[in-house]
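Here is a short report on one model.

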Amino acid sequence: SEWIQHSHRLIQSLHKVQSDYKGIQAFYPEYLLTQKGYKAKACRREIENIRTDMAAAEVLLTADPTLRSWFRSLEGSIDRKVASTEKGLKLCQAGLWDLAISELRLTDDKARAQEIRNLVGNMSTVQAWMLRSRLSLESLHTHRNLRFIVGGLALTLLVCFAAAFFVVRQTLA
């Protein structure tokens with residue numbers, strides 16, 4: 001059950017990272033358009049959430065080199081988005097709205113969002129596959145152990161019946 005919980009927490013953390021990224025994608029352009037402070041606060045909150053969720057996911061990662069490699073790629077994409085968003089928020093605070101908007105135009109958010117979706121999907125799929133493999137292996141061991149126990153019990157009963165038979169035969173003879 002620990003492996004199931006571990007896999008579930010990792011997949012959940014990865015999907016929370018993706019959700020937080022979507023939140024940044026939504027709130028930051030809205031802030032640039034409306035210039036409303038609560039949108040900037042929501043954007044900063046999503047940035048903090050994404051950092052927390054990335055740290056949680058990193059702790060849960062297994063030693064699998066493929067997952068680690070994908071996680072590093074995910075981390076790089078997220079860091080670039082967070083850095084450009086924080087830079088834009090600072091430009092907005094300084095009153096340089098045009099520069100912040102031009103920075104937003106330079107970034108290719110759709111490609112980065114697709115890359116993040118692919119990485120999270122791949123990592124989730126591999127983690128689920130690893131869990132299924134482990135459960136299959138444990139099931140195999142359980143069936144083997146059950147056969148061993150049943151076979152041992154049958155052999156023990158056979159020996160007991162044989163001993164009882166010979167004891168009864170000796171006492172009657």
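Where does S13 lie? S13 lies in helix α1. Helices here are DSSP runs of H or I with at least four residues, numbered from the N terminus. S13 is buried, at 10% relative accessible area. Buried means under 20%, exposed over 50%, and partly exposed in between, with a 1.4 Å probe and protein chains only. Setting aside neighbours within four places in sequence, S13 is in contact with D53, A56, A57 and L60. Contact means heavy atoms within 4.5 Å.

## Basis of the model

The model is predicted: local features need pLDDT of at least 70, side-chain atom pairs count only at pLDDT 80 or more, and totals for chains, interfaces and linings use all residues. Residues are numbered from 1 along each chain as its sequence is written, and side-chain values use heavy atoms, with hydrogens and water left out.

## Nonpolar core

The largest nonpolar core has 32 residues. Such a core is a set of buried Ala, Val, Leu, Ile, Met, Phe, Trp, Tyr and Cys residues joined through side-chain atoms within 4.5 Å. Which members touch the most other members? They are L14, I50, F71, L74, I78, L89 and M123.

L14 shows how the contacts run. Beyond its neighbours within four places in sequence, L14 is in contact with A57, L74, V120, M123 and S124. In soluble globular proteins, nonpolar side chains tend to be buried together.

## Salt bridges

How many salt bridges does a search of the whole structure find? The search finds six. The criterion is a side-chain nitrogen of Lys or Arg within 4 Å of a carboxyl oxygen of Asp or Glu. Side chains of opposite charge can pair when their charged atoms come close.

K39 and E30 form one of them, at 2.4 Å from N to O. K39 is buried, with 14% relative accessible area. E30 is partly exposed, at 31%.

R72 takes part in two of the bridges described here. With E58, the N to O distance is 3.0 Å. That pair links distant parts of the chain: R72 is in helix α3, E58 is in helix α2, and they are 14 residues apart. R72 is partly exposed at 38% relative accessibility, and E58 is partly exposed at 30%. With E75, the N to O distance is 2.8 Å. R72 and E75 are three residues apart in helix α3, so about one helical turn separates them. E75 is partly exposed, at 22%. Salt bridges that share partners also join E48, R51 and E86 into one network.

E86 lies in helix α3. E86 is partly exposed, with 28% relative accessible area. Apart from neighbours within four places in sequence, E86 is in contact with I47 and R51. The C-alpha atoms of E86 and N118 are separated by 24 Å, and these residues are 32 apart along the chain.

## Aromatic pairs

The structure holds two aromatic pairs. Rings of Phe, Tyr and Trp (its six-membered ring) pair if their centres lie within 6.5 Å; planes under 30 degrees apart count as stacked, over 60 as edge-to-face, and the rest as tilted. Y31 and W97 form a tilted pair, 5.2 Å centre to centre with 55 degrees between the planes. This pair links distant parts of the chain: Y31 sits in helix α1, W97 in helix α4, and they are 66 residues apart. Y31 and W97 are both buried.

F165 and F166 have ring centres 5.5 Å apart and planes at 70 degrees, so they are edge-to-face. F166 is partly exposed, at 48% relative accessibility.

## Surface and loop

L153, L157 and F161 form a nonpolar surface patch, with about 340 Å² of accessible area together. Patch residues have over 30% relative accessible area and no salt bridge; like charges are joined within 9 Å, and nonpolar side chains (Val, Leu, Ile, Met, Phe, Trp, Tyr) within 5 Å. Accessible areas come from the Shrake-Rupley method with a 1.4 Å probe; for residues, only the protein chains shown count as cover. L153 is in helix α5. L153 is exposed, at 53%.

Q35 lies in the loop between α1 and α2. Q35 is not a glycine, yet it has a positive phi of about 60 degrees. Q35 is partly exposed, at 47% relative accessibility.

How values were computed:
Helix = DSSP H or I, 4+ residues; strand = E, 2+ residues; numbered from the N terminus.
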